[in-house]
Amino acid sequence: MQSYKNNHVCDITGATMRAVDYTKHAKAGPLQALAFRSAACYEPALEGLVRAFVSKGFIDEREKAGQGIGALVRSAIARLDIEEASKRKWSYTKAHSIEVARFGYTMAVEAASEGMTDAICNDPKLAFAGGLIHDVGKTFIPTAILVKELGVDFGWFTAFRDAPLTSAERRIMREEHVAIGTKYVRLFGGGPHIRTMLDMVGLHHVMFNGENSGVPSYPSLIRGMDLPLHARIAKVADFVSAVMPRHYRTNGYISSQDSALAYAIVAAGTELDPVSVRCFITGHYEASPKQAAAIIERLAHPRGQEGVSDIHGARVYAKDVVRTDPEFLGIIQRQDLDKARQRDNEMDGFARDFGLPPGAVRSN
Ligand SMILES: [Fe+2]
Ligand SMILES: [Fe+2]
């Protein structure tokens with residue numbers, strides 16, 4: 001792990017200002033404020049803070065961890081519930097995880113119906129499980145950092161989001177949650193299913209083309225079709241959910257699932273796997289794989305990597321070009337509601353299989 005010691009200089013004035021700013025805006029409790037102040041006063045302390053937080057949590061988890069996917073999912077949902085119910089009311093992680101699970105399952109079913117081979121094509125329930133747990137590492141991120149990224153949810157609007165993260169905080173928020181998440185999955189044993197879960201957690205932010213894009217995705221030496229299908233699908237599911245505004249993300253300017261899909265089409269071939277985007281389209285709309293592939297090929301951003309790196313440019317393109325495209329508009333008007341109803345029932349069945357209460361994984 002990279003050390004912060006050489007990269008960050010203690011900046012007491014700036015740190016104090018940030019601490020005052022944080023406690024004023026975020027209505028933090030005294031312990032959170034104290035944690036933030038100690039972290040802000042000397043950024044290398046952030047790493048120690050995270051480690052202490054994680055190791056305590058992991059010890060607790062280890063005591064109750066069983067083996068296998070069911071134990072993993074139940075434990076992850078319990079963590080997300082605690083986060084949602086008490087510690088961090090502004091967190092959107094559970095709602096987002098359920099959405100990623102639903103999208104992932106839908107894409108896996110479509111991929112299977114097209115004859116693709118992967119663990120999640122053999123058993124699409126695995127894609128569902130992978131979505132539920134993909135961001136479990138975020139439940140170990142200190143509140144003080146999380147709130148700066150997500151803002152505070154007052155129900156009908158979100159305030160104070162997009163507070164500037166320091167470089168150490170950004171690294172912890174964007175990268176550590178993946179590293180922590182993979183360690184978490186390892187608590188639940190080995191076996192092929194757990195390895196699939198490890199991929200979905202560990203690779204859900206990897207750029208499809210492996211490049212360093214400047215957006216919050218990771219460069220990677222494993223790229224393109226060398227990435228397993230379940231990892232490519234996790235990435236697309238995460239992307240589409242993350243650009244929707246109800247989760248109060250800093251990039252939440254997209255107004256609906258349709259617009260989020262437009263943005264995903266823009267990013268196909270660069271940030272996202274075009275095959276998974278195609279499965280997203282056929283899973284949600286009455287479009288054939290051929291129709292979906294054609295529209296992706298025609299509308300993927302012409303500037304490729306450059307276009308996706310330029311968030312503002314990609315947004316303008318997605319909204320003003322793709323959404324005025326007659327063929328795209330024709331597709332999004334034909335949502336496949338029968339499929340959606342069928343999937344709802346199937347996913348309730350998964351919840352039972354995982355030992356969760358009925359409705360625990362419904363989107364709303
Ligand atoms: Fe993530
Ligand atoms: Fe996510």
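**Figure 1. Burial in the predicted model.** Of the 364 residues of the protein, 56% count as buried (under 20% relative accessible area; exposed is over 50% and partly exposed in between, with a 1.4 Å probe and protein chains only). The protein has 18 helices and two strands, taken as DSSP runs numbered from the N terminus (helices H or I, at least four residues; strands E, at least two). This is a predicted model in which local features need pLDDT of at least 70 and side-chain atom pairs count only at pLDDT 80 or more, while totals for chains, interfaces and linings use all residues. Residues are numbered from 1 along each chain as its sequence is written, chains are lettered from A and ligands numbered from 1 in the order in which they are written, and side-chain values use heavy atoms, with hydrogens and water left out.

**Figure 2. Packing of helix α5 on helix α13.** Helix α5 (residues 93-113) and helix α13 (residues 274-284) pack at an angle of about 95 degrees, and their axes are 8 Å apart; axes are lines fitted to C-alpha atoms, for helices over the stretch in contact, and angles run from 0 to 180 degrees between N-to-C directions. The angle makes α5 roughly perpendicular to α13 (65 to 115 degrees; under 35 is roughly parallel, over 145 roughly antiparallel and the rest oblique). Residues of α5 in the contact (heavy atoms within 4.5 Å) include Phe103, Met107 and Glu110, and those of α13 include Cys279, Phe280 and His284.

Figure 3. Thr93 is found in helix α5 and is buried, with a relative accessible area of 1%. Leaving aside residues up to four places away in sequence, Thr93 touches Leu80, Glu83, Asp135 and Lys138. Lys94 forms a salt bridge with Asp81, their closest N and O atoms being 2.7 Å apart (a side-chain nitrogen of Lys or Arg within 4 Å of a carboxyl oxygen of Asp or Glu). Lys94 lies in α5 and Asp81 in helix α4 (residues 68-87), so the pair ties together parts that are 13 residues apart in sequence. Lys94 is buried at 11% relative accessible area, whereas Asp81 is partly exposed at 31%.

**Figure 4. The salt bridge of Lys339 and Glu110.** The side chains of Lys339 and Glu110 meet in a salt bridge (3.0 Å, N to O). Lys339 lies in helix α18 (residues 337-353) and Glu110 in helix α5, so this pair ties together parts that are 229 residues apart in sequence. Lys339 is partly exposed, at 27% relative accessibility, and Glu110 is buried, at 10%.
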